[in-house]
Amino acid sequence: MGFNLIGKNFTPPDVHAKVTGSAKYAEDFRKDGMVFIKIYSSPMPHAKIKSIDVSKAAKMPGVVGFLLPDEIKQPKDAGHAILSNYPVFVGQPILAVAAETEQQAEDALEAVNVNLQPLAFCIDPLDSLKPKGVNAHKDGNVANRKGIKLQEVKWSGKDFALAGDDKLPMGKAVTEWSYGDVESGFKKAKVVLEETFVSAANAHHALEPRSAAAYWENGKCHVWGSTQSSSFAHPSLAKYIGIPPTKLNLVTEFCGGGFGGKAYSYPIMALPALMSKKLNGRPVMMRLSRAEEFYNGSARAGFQGWVKIGFGNDGRVLAMDSYVIQDNGSTGGFWDFQNFGVAGSVILQPKAMRFRGIPVLTNTPPKGAQRGPGENQTANILEPILDKGARKLGIDRLALRLVNTPGGGTGAKVGPKRVPVTSAYLREGLVQASKKFGYSSRVKKSGKQANGKIRSIGIGQAYHAAGYNGWDGMVRITPDGKLHIHTGVGNLGTYSYAATSRVAAEVLGYDWKNTVIERGGTLKAMPFNIGQFGSNTSFTMTRTNFAAATDAKQKLLEIGAMMMGGKASDYELRKEKVVSKKGSNSITFARAAQKAIELKGKYAGHVVDEDLKGLTKISAKMIAGTGLVGVAKDKIPKKGSVPALAAAFIEIELDPETGRVEILDYLGVADVGQVLHPQGLDAQIRGAAVMGFGLAALERYVYDPAYGRPNARGLYQAKPPTYLDVPANLDSLAVKGAYDKQNPVGAKGVGEPIMGAASSAYLSAVAEAMDGQLLNRVPVVADQIINAMAKQPQSHKLLQTNCQ
Amino acid sequence: MSDYMHSFELFEPASIGDASKLINKFGKDGWIIAGGKDSLDWFKDRNKRPKAVINIANLKELRGIKDNKDYVSIGSVTTLTEMEDSKLLKKHFPVLIDAVSRIASPQIRNAGTLGGNVAQDTRCTYYRDGFPCYRAGGNTCYANTPTAMNREHAVFDVARCVAVTPSDTAPALVALEAEMVISSKGKTRKVMAEEFFIGPATDITRMTALKKNDILVEIRIPKKWAGAKYYFEKVADRQTWDFSLVNIAMVAKTSGGKISEVRMACGGVQCTPRRMTNVEDLLKGESAGPEMEKLAKRVAAQGAKALNYNHFKIPLMGNLAARAVRSMA
């Protein structure tokens, strides 16, 4: 496609501030009279609060106030409280104290007396499902925010006995679906594999711990917050604070890492606002510590699961059956487990499939979406199993993938309803990447090397849904001729807010120098659009910006006709001018903007479509009369499900004596349709790979089952990857020839599967280096490799969780 | 949990004498600090709350690497980065340089000192998180229960406590027969590195011979092992920042193709650096080669007893001993 801006590199406008340190994060803001809050957190995994006494602490120097759980609306069922009167995990916030300094607040906390009565607790889902198992919540042990109400589910002793010691017990599920004839598929299969697996939970560990500050002025609440999304965070935060969105001014300029954990607002983000309200609007700052971030920052859900896959002669997956027990944490959690089924259905395109699952509460921190929630765990489990299938069939591992993987543009289907994809080119991606990586020749050089290490190649693939529609876009041309692109998507750090904004400039033929991206909070007049999560930004936001710019374009043409005569269709846009198609008449966009202001009505944002979202209407009012306003809901047709698809090739060297795995080379490939920003995509693919290696190999989530407390909450214990753990050069590729026809510029997102492709490729390579021995456990850390290579039993039990 | 230290008085003495007076004055309420990499974690978690913190990092007399006739002396507040950059150490004791360069991360090595690296407390998470364990003056060990998470803990010499030495320089200093010079109330005494590190059977509340009024002033490394064959390896989860799962240090001399003298020590397997005497005894008078590798692997971890999650340390010790032998072949 002939684009001027799309597909070309540029410098996103927030880069300078990040590089120079002038970027202001939530905790950088200050206001006169600001006080600081500190939080008293539960020392017990499950407890009843018998009494709270702050009388002594109230007399401490500098203390200005407290917030107690009874002053906060408590959620129903397994909801996530801002301050809880019923703690269900170690680290759960119970009360907050405000003082003139953080030191004073911390000192005051030590004088607070919270009398807790310990209750029985549970950190392993399987323990809770046992007939006499402990419920992590007084009202039940199974819940999920995706439509599964808090309830008690117990499996029978027989369910457990039938499984024995080497297989997942599979009692009653709460989610179940299937398509095709699964049993007949297994009968026809040449090779049938059955594997029981564990995928560990994984904390988000955002570099910027949750920080927020707030004050009230003239009945309005002002919040500086750390969130991935701007407009999407706004109504939910207002709800936490207990005010209508119109009363909330939210500033969200920068976010120091979210990974899904700060997808939009979160309970504790509202705490400074609530404390400030109690203090008559006095500014309140909350800065969480690293430990508090561990407790409040949510975590990827852990899995205990089972999968059975039947392969035909050529490796085609004829049937797949699966069961996932999800460690749901202590609240409603996220639906990772359901995504196991969906992701399996997309990547393997099984002819027949069944999925069953159950989300079980544990007295561990809330689980939330983390980059590829469920889909990336799926990749990590399935890819090494595909290798095992190829081994048993005696066929090449890449060949096996190529007969299953979605490709060819259309035809692939998603989930139980077999919804068609909008576009899929992963097969092409595998072929292109295998050539670039030199897969065939590298495979030949695999095996034991002269240095005693074992070299191997891994292949990974992953999926995530990648786009929505129906959200709003808004642009404005001011009388100085500048194009202001208003976006509420947020600034997670991927720069996709900027790349997708360029679509508006592309539609209007703007020189990028003459554009301004308006972002970072409600005062910037944000349209209401979806947040920056779910790999959706590229697909969804290009559509909204396209819709808004198309509206502006029409208004420019109409104004052209008004000012120069004739019909709108007699004009076109050229070099920031409305130009007559026939003659040489033209007016500048600047002039047209001035005219729009004079015309008022729809041209200047005074009158907008009824079907726009509430925030968009408010934002349009804010800018009404300041220029030509293009504002529209994305009504561009869309059919089917947008898949984000990625694959990866990796070469490693495993040291059988020390368990060390060195990554020698890596190539990630992404099916993104039309590339919006090559440099941004490359950075995304490489960064996601590093995070993926952490998930697969290094990051630890450890709980002591006797005390229900974490052993790895600090960064030095939890071990996210460092740049010395990855090669200096990681390579990336976008599938050539890919284009999503249901997006106006052919684009779709890919933020999540590029991580799962990397992590699963790593695990595939490790299993390959160990002669195909599957550990069926993620992460695979050094001790497991040492045990395996020494041919001694692993220290953990087969289905044990929270121990790696 | 909130990372906010308690209030304390900070002293910046101008001489060892002044530092000594201060630590004597405050007794159990005093705390010596230099790089702060161990201390500040304790303070931020509020699990240690000294009233007086005495900073010796700026005492020039405790800083620097000096060449003496029979030994090289390293001031206790010499930073790990200064050691890493020392041509003198590189020339004589590359095994120590290899160890130093694998400690923590470059940023931590810029501030962290050799004294701090050898005197640091254990990293048992139960102990560090304030559990009232034996080491903390309580009456149980939380890391050695039937369900405790103890992947990083000891496989040898468990005496109520199962914590391990976290130091990477410690096994190298033990192998090198280093001497620790300690000042106490105006007097100095010397302690061999091997005796400097103490286990729970000796005193469960301390990791070293340092008592409350002591200041470690200098580490002396005899030139006996200068230029010897050497091996150091650290196995950790990540390539930087982590404490060792197991590390190994060896120095050896050969004569006529045979190993005439060898010292080998291992960290991360017990409370103190473990002299691998089985391997030393095996190797003496032998030539390095496949047979010695195999036998070293066999005897390295003899007597080890795994806890719940650290079985891997047993083959790992054997593998590292074999690699040390291999390095001499």
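Predicted model: local features only at pLDDT ≥ 70, side-chain atom pairs only at ≥ 80, totals over all residues.
## Chain B as a whole

Chain B contains 13 helices and 12 strands. Its radius of gyration is 20 Å, close to the 20 Å that the globule rule gives for 329 residues, so chain B is as compact as a globular protein of that length. Taken along the principal axes, the box filled by the C-alpha atoms of chain B is roughly 60 × 55 × 30 Å.

Of the 329 residues in chain B, 56% are buried. Among the contacts in chain B with a separation of 6 or more, 63% are made by residues 24 or more positions apart.

## Domains of chain A

Chain A is divided into domain 1, which covers 31-119, domain 2, which is made of 299-467 together with 640-789, and domain 3, which covers 468-633.

Between domain 2 and domain 3 of chain A, the centres, taken over C-alpha atoms, are separated by 39 Å, and 21 residues of domain 2 of chain A are in contact with 18 residues of domain 3 of chain A. On the domain 2 side of this contact, strand 22 (454-465) and helix 19 (678-698) of chain A each supply at least two residues. By class, that side of domain 2 has 11 nonpolar, eight polar and two charged residues.

## Where chain A meets chain B

Between the two chains, 33 residues of chain A are in contact with 26 residues of chain B.

The residues of chain A that touch chain B divide into 13 nonpolar, 10 polar and 10 charged.

## The largest nonpolar core

In soluble globular proteins, nonpolar side chains tend to be buried together. In this model the largest nonpolar core has 371 residues, and those with the most contacts inside this core are V97(A) and A321(B). Helix 21 of chain A, residues 753-769, gives the most to this core, contributing 11 residues.

Leaving aside residues up to four places away in sequence, V97(A) touches I37(A), K38(A), A57(A), V63(A), F66(A), A105(A), A108(A), L109(A) and V112(A).

How values were computed. Residues numbered from 1 in each chain as written. Chains lettered and ligands numbered in written order. Contact = placed C-beta atoms within 7 Å. Nonpolar A, V, L, I, M, F, W, Y, C, P; charged D, E, K, R; others polar. Domains from an automatic or database assignment. Helix = DSSP H or I, 4+ residues; strand = E, 2+ residues; numbered from the N terminus. Core = buried A, V, L, I, M, F, W, Y, C linked by C-beta atoms within 7 Å. Buried ≥ 20, exposed ≤ 12 C-beta atoms within 10 Å, placed from the backbone. Rg over C-alpha atoms; globule rule 2.2 N^0.38 Å.
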